[in-house]
Amino acid sequence: MSRVYNFSAGPAVLPEEVLREAQEEMMDYRGCGMSVMEMSHRSKMFQNIIDEAEADIRELMGIPSNYKVLFLQGGASLQFAMIPMNLMKNRVADYIVTGQWAKKAYQEAQKYGKANKIASSEDKTFSYIPDCSDLPISPDADYVYICENNTIYGTKYKQLPNTKGKLLVADVSSCFLSEPVDVTKYGIIYGGVQKNIGPAGMVISIVRDDLITDDVLEGTPTMMKFKTHADAGSMYNTPNCYCIYMCGKVFKWLKKMGGLEVMKQRNEEKAKILYDFLDESKLFHGTVVPEDRSPMNVPFVTGNAELDAKFVKESKEAGFENLKGHRTVGGMRASIYNAMPKEGVEALVAFMKKFEEENL
């Protein structure tokens with residue numbers, strides 16, 4: 001069977017080249033006679049895999065030496081609790097709520113202290129990013145929290161909020177490694193890997209050294225302390241070995257492609273093809289204000305639920321998978337992460353044009 005064009009929001013499409021390499025090494029990794037899945041995480045061979053993965057992501061993102069790279073389990077959702085547990089010294093944090101995941105993080109933080117919603121775009125179904133140039137930042141806030149790219153709603157911060165000197169914490173799950181980033185602007189920048197980097201089951205947290213201490217909220221479990229994992233080199237307990245191995249392969253692929261500057265250009269080019277069509281289409285339209293559109297996740301609708309359902313059904317039959325929108329918003333959504341080839345987006349637009357001609 002030939003491979004489909006997979007527009008899933010996550011777990012998502014992986015580079016074919018990476019999957020073929022993993023396939024070749026599945027039974028015997030570099031002559032050791034076993035799969036990485038079977039390998040002891042305490043072995044020298046696995047230590048090399050994790051060390052190389054860390055070195056490559058540091059190089060790709062230009063991560064300074066005073067930040068730790070942690071390969072953690074529990075996905076981004078566990079970070080919703082881990083962040084306040086480790087950072088809420090004053091028991092106060094400010095949250096900008098621009099989508100479902102920022103909202104969940106905000107709700108979770110309320111268990112640990114006073115979480116203030118200082119801006120939100122919920123009034124218009126999260127279809128825009130609020131103006132963050134002059135926010136009512138709490139004077140005693142321990143940090144300001146954002147979700148930088150909103151997978152469900154298809155919005156993206158084009159400019160980071162003015163935190164007025166407060167620590168910025170960002171969930172970048174769905175735009176991770178899609179463009180160059182200045183890590184020094186964040187106290188913590190983290191993301192689940194299952195959208196733009198690797199298989200599901202892991203989160204990478206990049207945490208500034210001074211935030212990694214034993215001074216955490218009382219009752220914080222050992223496994224929920226950044227220090228536990230930083231001190232053990234992400235191997236306090238058995239890590240998600242195979243996921244680390246796969247992410248490492250994707251980092252190598254990104255370097256081979258030319259790095260994050262090249263990925264940014266590629267991603268903008270792909271997104272333009274789809275957004276340009278949506279802007280001129282008489283049947284389909286995007287749901288996000290143009291200036292806040294995400295290059296990664298593109299939601300669109302026809303305005304007719306029955307027609308949306310017909311499109312999803314026929315697109316699947318034509319080899320376009322996972323175009324149905326999130327259950328909370330309906331419509332359609334195309335996630336066009338790093339590994340989605342330009343041809344996939346072009347083929348989708350050609351199919352949409354044909355569907356429009358047949359259904360207008």
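Predicted model: local features only at pLDDT ≥ 70, side-chain atom pairs only at ≥ 80, totals over all residues.
## Overall fold

The chain has 360 residues, and 57% of them count as buried. Its secondary structure comes to 9 helices and 14 strands. The radius of gyration is 21 Å, close to the 21 Å from the globule rule for 360 residues, so the chain is as compact as a globular protein of that length.

The C-alpha trace spans about 65 × 60 × 30 Å along its principal axes. Take the contacts with a separation of 6 or more: 68% of them come from residues 24 or more positions apart.

## The S11-S12-S14 sheet

Three strands make an open sheet, ordered S11-S12-S14, with antiparallel pairing. S11 (285-286) and S14 (332-335) are the edge strands, and each pairs on one side only. In general, strands of a sheet pair through backbone hydrogen bonds.

S12 covers residues 297-301 and is joined to S14 by 4 bridges. These two strands run antiparallel. Phe-300 has Met-332 of S14 as its bridge partner.

Helix H7, residues 260-280, lies across S11, S12 and S14. The helix runs at about 20° to S12.

## Aromatic pairs

The model holds 17 aromatic pairs. One of them is Tyr-5 with Phe-320: the ring centres are 6.1 Å apart and the planes meet at 20°. That angle is under the 30 degrees cut-off, so the pair is stacked. Tyr-5 sits in strand S1 (residues 5-6) and Phe-320 in strand S13 (residues 320-321), so this pair ties together parts that are 315 residues apart in sequence. Tyr-5 is partly exposed, at 29% relative accessibility. Phe-320 is buried, with a relative accessible area of 6%.

A further pair is Phe-277 with Phe-284. Their ring centres lie 6.2 Å apart with planes at 55°, so the pair is tilted. Both Phe-277 and Phe-284 are buried.

## The ring cluster

Ring pairs link Tyr-5, Phe-7, Phe-277, Phe-284, Phe-300, Phe-311, Phe-320, Phe-351 and Phe-355 into a cluster. Both pairs described above have their residues in this cluster. Phe-300, the bridge partner of Met-332, is also one of the members.

## A charge over a ring

Lys-124 lies over the face of Tyr-128. The distance to the ring centre is 5.8 Å.

Key. Residues numbered from 1 in each chain as written. Heavy atoms only, no water. Phe/Tyr/Trp six-rings, centres within 6.5 Å; stacked < 30°, edge-to-face > 60°. Buried < 20%, exposed > 50% of the residue type's maximum accessible area, 1.4 Å probe, protein only. Lys NZ or Arg CZ within 6 Å of the ring centre and 35° of its normal. Pairing = 2+ DSSP bridges. Contact = heavy atoms within 4.5 Å. Axes fitted to C-alpha atoms, helices over the stretch in contact; angles between N-to-C directions. Rg over C-alpha atoms; globule rule 2.2 N^0.38 Å.
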